[in-house]
Structures are given as structure tokens and as C-alpha cells.
Amino acid sequence: VQLQAFGGGLVQAGGSLRLSCAASGRTWRSYTMGWFRQAPGNERDFVAAITWTGDSTYYADSVKGRFTISRDNAKNAVYLQMNSLKPEDTAVYYCAARSSPWFSPIAPNQIGDFGSWGQGTLVTVSS
């Protein structure tokens, strides 16, 4: 599956952004999708994940209650709605796909489980 993320930009603290990830590939609907982010000098961290049906989601504690992941299989797209943004949310955001309809039985946030990655989109939150 090929992925392309977009929608990043500059926003003030407390503001909102919606990231989108366009997917292509015949079996895209069989994939669990995730969002990760990487701030300068930091490792790439898990943000959120969603199963292929959209019935199950999982969030990092740092974004729980502020971010919402969703998907539209008819449009081959996954989204990340980010509200109440903080300066510490500043990072390059990546969408990723796991070649399974379901979360890993170990944990949904394992970066090694996601084999397909899009290019990142930069989100900058000013204070």
C-alpha cells in the first residue's frame, strides 16, 4: 500500500488541524492504520491507530481526549483530527499501515508492526 499524508501547517496553541492520509492499493481495507510523529532530535513515537473496520481505536496518553483518528474506506483515507494543540505537539506526522485488519495482540502501538509509511507532514504549534 502506498501512503501520502498532508494537511500539516502552522497553528497557534489551542487551535486545531486535520491531517489526511491518502492510501492506494488493492488491499488497503485490510490494513490497520496508524499515525506517528517525530519531533526534532527525538525518536518516532506512536500517536493513534485504527482497525480496518474503524470499530477500535487506540491513542497515546499524550493525545487522548484531544486527537481523534478515523477512516473512510470508501475514499481510501485515514484522518487525524487534532484539537487543543500544544507546542509539544510540534513534529513531523507520518501515517503508516499494518498489513493486518486488527491490532497486534501484543500492543497496538508497536512501530515495528507497521510496514508501510507515507512521507511526513510538518505540524508546528506556536505558543
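This is a predicted model: local features need pLDDT of at least 70, side-chain atom pairs count only at pLDDT 80 or more; totals for chains, interfaces and linings use all residues.
Residues are numbered from 1 along each chain as its sequence is written, and side-chain values use heavy atoms, with hydrogens and water left out. Local features need pLDDT of at least 70 and side-chain atom pairs count only at pLDDT 80 or more, while totals for chains, interfaces and linings use all residues.

**View 1. The disulfide between Cys-21 and Cys-95.** A disulfide is a pair of cysteine sulfur atoms within 2.5 Å, and the count here is 1. The S to S distance is 2.1 Å. The link is right-handed, with 60° about the S-S bond. Cys-21 lies in strand β3 (residues 17-24) and Cys-95 in strand β9 (residues 91-98), so the bond ties together parts that are 74 residues apart in sequence. Strands are DSSP runs (E, at least two residues), numbered from the N terminus. Cys-21 is buried at 1% relative accessibility, and Cys-95 is buried at 0%. Buried means under 20% relative accessible area (1.4 Å probe, protein chains only).

**View 2. Thr-51 in the loop between β5 (45-50) and β6 (57-59).** Thr-51 has 2% relative accessibility and counts as buried. Contact means heavy atoms within 4.5 Å. Leaving aside neighbours within four places in sequence, the contacts of Thr-51 include Arg-71, Trp-102 and Phe-103.

**View 3. The largest nonpolar core, of 34 residues.** A nonpolar core is a set of buried Ala, Val, Leu, Ile, Met, Phe, Trp, Tyr and Cys residues joined through side-chain atoms within 4.5 Å. Trp-35, Leu-80, Met-82 and Tyr-93 touch the most other members. Strands that each supply at least two residues include β3, β4 (32-38) and β9. Not counting residues up to four places away in sequence, Met-82 touches Leu-19, Phe-67 and Val-123, among others.

Key: Helices (H or I, at least four residues) and strands (E, at least two) are DSSP runs, numbered from the N terminus. Buried means under 20% relative accessible area, exposed over 50%, partly exposed in between (1.4 Å probe, protein chains only).
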